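Trainee: I would like to learn how to read helix packing and sheet order. Can we work through one example together?

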Amino acid sequence: MTTSTGPFIAAIDQGTTSSRCIVFDRDGRIVSVDQKEHEQIFPKPGWVEHDATEIWTNVQEVVAGAISKAGITAADVKAVGITNQRETTVMWDKNTGEPVHNALVWQDTRTDGLCKELGRNVGQDRFRRETGLPLASYFSGPKVRWLLDNVEGLRERAEAGDILFGTMDTWVIWNLTGGVNGGKHVTDVTNASRTLLMNLHELAWDERILQSIDIPAAVLPEIRSSAEVYGEVKDGVLAGVPVASALGDQQAALFGQTCFAEGEAKSTYGTGTFMLMNTGDKIINSYSGLLTTVGYQIGDQKPVYALEGSIAVTGSLVQWMRDQMGMIKTAAEIETLASSVDDNGGAYFVPAFSGLFAPYWRSDARGVIAGLTRYVTRAHIARAVLEATAWQTREITDAMTKDSGVELSALKVDGGMTSNNLLMQTLSDFLDAPVVRPMVAETTCLGAAYAAGLAVGFWPDTDALRANWRRAAEWTPRMPADQRDREYKNWLKAVERTMGWIDEEDHS
């Protein structure tokens, strides 16, 4: 409970492991939070699914929970914003509201073979010019095609206009605004830019790509800006409140970190890690394995683009150490354990559990711990786990500088792992740049709240949002340059060892 008086903005964050709702006041401070985890479903190695119905139930619960904890009513809430795990793909029957299959999660690699097939003789870059993305199992388009091919009778129903596709923002908005009773079937430019189906230059679905991947246009939502009123909440505790923003979680964090100027960058340390750099109104094609994506679009203003580097495994590596290896009992314990030694003892841990993401995009890679000797202890491995996150960030920073010509001046960070001070110092050392953590670590939700607030005039402009941003902590580099270079070289050697583990025939 807080003493701030309304009005307020609510934000729903439908994430990879949980859904939550946060209520913010005019200063961008958190009034209340409610959160609920959902099941991770692993039907086969490399396959990851969620139950979209369970997620929608959880979303309703956390919204009710956050509103009740804040001791407010719908009348006090001026708008609700949505942010979501991106690329996760759900298809449902528009007449019953029932999903036709579990949602295919962004981490799911079942479309690897399909992506190779779609690459034809061109390979991964076949649709890059239009979409800014490589052909990879990560994105939604191939997932839609997989569902159409593998769920009995789905293609016929889709072509008949009975089936809707959406990423989680679309699913949540459709349900919030009435579902089978007039729910709005929309997505925003940031989520649409992650499907492999949207033309970045026109911000519209690309007919040619739809034909190539073989997806009927009838299933697609309408593409809208990231900050505008899409509709009103139909029922529940927020009935009547405008649904006024949608941003993929990483773009929402860019927005929440107020990276509104070209060259400003943020990195979010969660299950995976995502670093985005604002490139203004320029669509910068990456030649270093990064993605070109829409950063955000406010109403009818021009879209702002970004370069993005993604790392598949960061926070989930700590979870793996806890749950699968039993090396730690709680996630927080990794810092204590890693701090008990001065260095990694020569061990390097490259967590290519589902292949390597940026800047390599190698789905044939698998995880490796290199440099092991009898000297290495559990504590050294814990340290190598934290260093893995920092080195992977360094690789992405290097790629961004190469593509954009813009040097990183400082990195704004957020997400669960930023409470790890050793990791933050290591980041600063490896990047040779200051690392800054804001007061409100929940920048993903904050970004969705900011965009929704702008849409309804709760905040006048982005300058007012900048004025809200406060620094909580800053780390500056302390590592000698020669040591940094030496260890980076070792890291890159370890990365090489991960490649080519999976043979082509294992992929089919």
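**Reading helices and a sheet**

Mentor: Start with a helix pair: the crossing of α10 and α12 is right-handed. Keep in mind that this is a predicted model.

Trainee: Which residues make the contact of α10 and α12?

Mentor: Leu317, Val318 and Met321 come from α10, and Ile381, Ala382, Val385 and Ala388 from α12. The contact residues divide into seven nonpolar, no polar and no charged.

Trainee: How is such a pair described?

Mentor: Two packed helices are described by the angle between their axes and the distance between the axes. Here α10 (residues 315-323) and α12 pack at about 160 degrees, with axes 9 Å apart. Over 145 degrees counts as roughly antiparallel, so α10 and α12 are roughly antiparallel to each other.

Trainee: Is histidine 380 buried or exposed?

Mentor: Histidine 380 counts as buried because its relative accessibility is 4%, and the cut-off is under 20%. It sits in α12 (residues 378-404). Beyond four places away in sequence, histidine 380 touches Val341, Asp343, Asn344, Gly345 and Tyr375.

Trainee: Now the sheet. What is the strand order?

Mentor: Strands of a sheet pair through backbone hydrogen bonds, either parallel or antiparallel. This open sheet has seven strands with mixed pairing, ordered β17-β18-β16-β15-β21-β22-β23. The edge strands are β17 (291-296) and β23 (471-475).

Trainee: How many bridges join β15 to β21?

Mentor: Three bridges join β15 (residues 265-269) to β21 (residues 411-414), and the two strands run parallel. Serine 267 has valine 413 of β21 as its bridge partner. Helix α13 (residues 421-431) packs on the sheet, touching β15, β21, β22 (435-438) and β23.

Definitions and conventions: Residues are numbered from 1 along each chain as its sequence is written. This is a predicted model: local features need pLDDT of at least 70, side-chain atom pairs count only at pLDDT 80 or more; totals for chains, interfaces and linings use all residues. Side-chain values use heavy atoms; hydrogens and water are left out. Helices (H or I, at least four residues) and strands (E, at least two) are DSSP runs, numbered from the N terminus. Buried means under 20% relative accessible area, exposed over 50%, partly exposed in between (1.4 Å probe, protein chains only). Contact means heavy atoms within 4.5 Å. Axes are lines fitted to C-alpha atoms, for helices over the stretch in contact, and angles run from 0 to 180 degrees between N-to-C directions. Angles under 35 degrees count as roughly parallel, over 145 as roughly antiparallel, 65 to 115 as roughly perpendicular and the rest as oblique. A crossing is left-handed if the near helix is turned anticlockwise from the far one by less than a right angle, and right-handed if clockwise. Ala, Val, Leu, Ile, Met, Phe, Trp, Tyr, Cys and Pro count as nonpolar, Asp, Glu, Lys and Arg as charged, and the others, Gly among them, as polar. Two strands pair if DSSP finds at least two bridges between them.
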